[in-house]
Structures are given as structure tokens and as C-alpha cells.
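Please consider the following model together with its sequence. The paragraphs below lead through a sheet, a helix and an interface.

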Amino acid sequence: MARDLDPELHTIPPNRGEMEDQPTWRRDFPIDTAQDAYVARRDFTKFLGLTSLALAVGQVWIGLQSRWRHARGKWPIVAIGELEKLSVGDALAFHYPTDTDPAILLRPETDRLLAYSSQCTHLQCPVLPEIEHNRLHCPCHAGYFDMNSGRPIAGPPRRPLPRISLEVRSGTIYATGFEENQT
Amino acid sequence: MSDRRPLSRQERTVIVSGILCIVLTLVLMQLWLISATMNAWLGGDESIVWPAALASVGCFLLNAGLLWHLFQLDR
């Protein structure tokens with residue numbers, strides 16, 4: 001008798017009608033919509049809790065990566081080439097800081113050298129120098145970067161190209177590290 | 001000794017819906033935080049990395065507290 005009075009122990013069809021009025025297939029496979037809504041929202045909330053944990057862990061991981069980057073110490077000093085072999089208006093491809101990181105050296109003026117990572121900050125395509133237009137061009141998705149600052153000026157990229165600091169010693173050009181806080 | 005009556009399913013559904021709204025808002029804030037932090041960090045700006053991490057952990061702790069209430073509902 002108590003079971004008949006307790007509404008939570010009865011299956012409620014989606015249209016809230018009597019079970020006797022439901023089609024046969026629904027009587028054979030009844031779904032309690034109120035219970036279904038409760039369980040679905042409760043389990044979705046639990047899943048969001050896991051998502052929240054994953055996002056917090058990811059955020060801390062970025063912080064740890066940032067700290068490890070500083071702990072690794074200074075950037076290597078790598079010889080790129082001879083200054084006199086690079087004529088004005090020319091560019092030279094090289095790798096920095098490792099052999100798998102492509103970079104590009106530019107000489108727009110006689111006494112001016114610029115170097116950037118040559119991987120587009122959109123989807124890592126190699127960028128091509130257009131020194132006569134003061135820009136670097138990514139042909140994959142028509143992205144453009146200002147040659148003097150490395151900042152994106154058109155297309156999908158949103159971050160500047162990492163700029164490599166340079167030194168010239170005894171006629172040889174050296175890459176000495178990356179410049180920070182370009183944003 | 002507590003003499004509170006047990007919550008009905010309808011009441012529990014309302015409570016779960018409220019918790020879901022708050023948790024969802026906090027998770028969306030965390031999602032925005034991680035995308036903005038990653039963008040700044042890859043662009044060479046590391047000044048916001050740890051403040052953003054603290055904010056995200058704070059959001060998770062709030063969510064954990066709400067989830068604790070959620071688990072208590074079915075006890």
C-alpha cells in the first residue's frame with residue numbers, strides 16, 4: 001500500500017500519462033523520465049568535476065614547465081655563419097637551439113641583423129622572408145609577420161615569432177638565446 | 001540527532017541542477033584560463049602562469065566542495 005502512495009517508486013512516462021495508456025513498446029521498456037533526468041544531471045556534474053581536476057592539473061603543469069625552462073639554464077651559443085657571406089637583403093636558414101628547430105637569419109640593412117624561429121605560430125609551417133615588404137610570410141594559411149618585431153600583422157597567427165638574440169664576434173654571427181616578453 | 005525529513009527526488013533534482021550550473025560556470029572559467037595562459041606562455045609572457053594556476057586550483061577546490069555535497073545527497 002505504501003508503495004502505491006510513494007510517487008518515486010512509480011515509472012513516469014515522458015508524456016506524464018497513465019502507464020495503461022502508453023503504447024505497448026513503452027509498457028515493455030518503461031523509462032522513468034524524472035529518475036533519468038536526476039541521474040543524468042548528477043553524473044554529468046561528476047564528470048565536470050573530473051574535467052575541472054584535469055584543467056587545474058594542466059594549469060599547474062604549465063607553471064612547472066615554465067620553472068623547468070628556467071632551471072635548464074642559459075640558451076646555447078651557436079655559430080650561424082660569416083657576416084660577410086650574407087649580403088644585404090638576403091636571408092639564411094639555420095637551426096636553433098637544437099638541430100630540429102628551424103630558424104631564419106635576415107640582413108635587411110648593412111649594420112642590422114634579425115633572427116626568428118621560422119615556425120609559424122599558427123600551425124608550425126615554415127615562414128618565408130619578404131624583406132622588400134618588411135614582412136615574413138607563411139604560405140600555408142596566408143599569415144604575415146612584421147619583419148622588425150616578429151608580431152603577427154595578418155592572417156590566423158596570434159602570437160609573435162620567437163626572436164633570437166644575436167652577437168657578431170670576429171666576423172662570425174652567433175645565436176645566443178631567445179628574447180622574452182614579446183607579447 | 002537530526003530529525004530532518006529525507007529530500008524528495010524532485011528536491012534533489014533541483015539541488016543537482018543548481019550545483020551543475022555553478023560547476024559548469026567554474027569549468028568554463030578554467031577553460032578560458034588555460035587557453036589564455038597557454039597563449040601568453042607560448043608568446044614568451046610567463047608573468048601570469050602561476051597566478052592563473054592558483055585561480056584554476058581555486059576553481060577546482062570550489063568544485064570539489066560542491067561535488068562533496070552532491071555525494072551527500074544520495075547517502
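**A sheet, a helix and an interface**

In chain A, three strands make up an open antiparallel sheet with the order β2-β3-β4; helices (H or I, at least four residues) and strands (E, at least two) are DSSP runs numbered from the N terminus. At its edges lie β2 (90-95) and β4 (112-117) of chain A, each pairing on one side only, where pairing requires that DSSP finds at least two bridges between two strands. Ignoring direction, neighbouring strands of this sheet are turned by 25 degrees against each other on average, the axes being lines fitted to C-alpha atoms, for helices over the stretch in contact, with angles from 0 to 180 degrees between N-to-C directions. Strand β3 (residues 102-109) of chain A pairs with β4(A) in the antiparallel sense over five bridges. A:Ile104 has A:Tyr116 of β4(A) as its bridge partner.

The model is predicted: local features need pLDDT of at least 70 and side-chain atom pairs count only at pLDDT 80 or more, whereas totals for chains, interfaces and linings use all residues. Residues are numbered from 1 along each chain as its sequence is written, while chains are lettered from A and ligands numbered from 1 in the order in which they are written.

In chain B, helix α2 (residues 49-73) buries B:Val49, B:Ala52, B:Ala53, B:Ser56, B:Cys59, B:Phe60, B:Asn63 and B:Leu70; buried means 20 or more other C-beta atoms within 10 Å of a residue's own, C-beta atoms being placed from the backbone. Their cover includes α3 (33-71) of chain A and α1 (9-42) of chain B.

Between the chains, 31 residues of chain A are in contact with 38 residues of chain B, contact meaning C-beta atoms within 7 Å.

Technical notes:
Contact = placed C-beta atoms within 7 Å. Buried ≥ 20, exposed ≤ 12 C-beta atoms within 10 Å, placed from the backbone.
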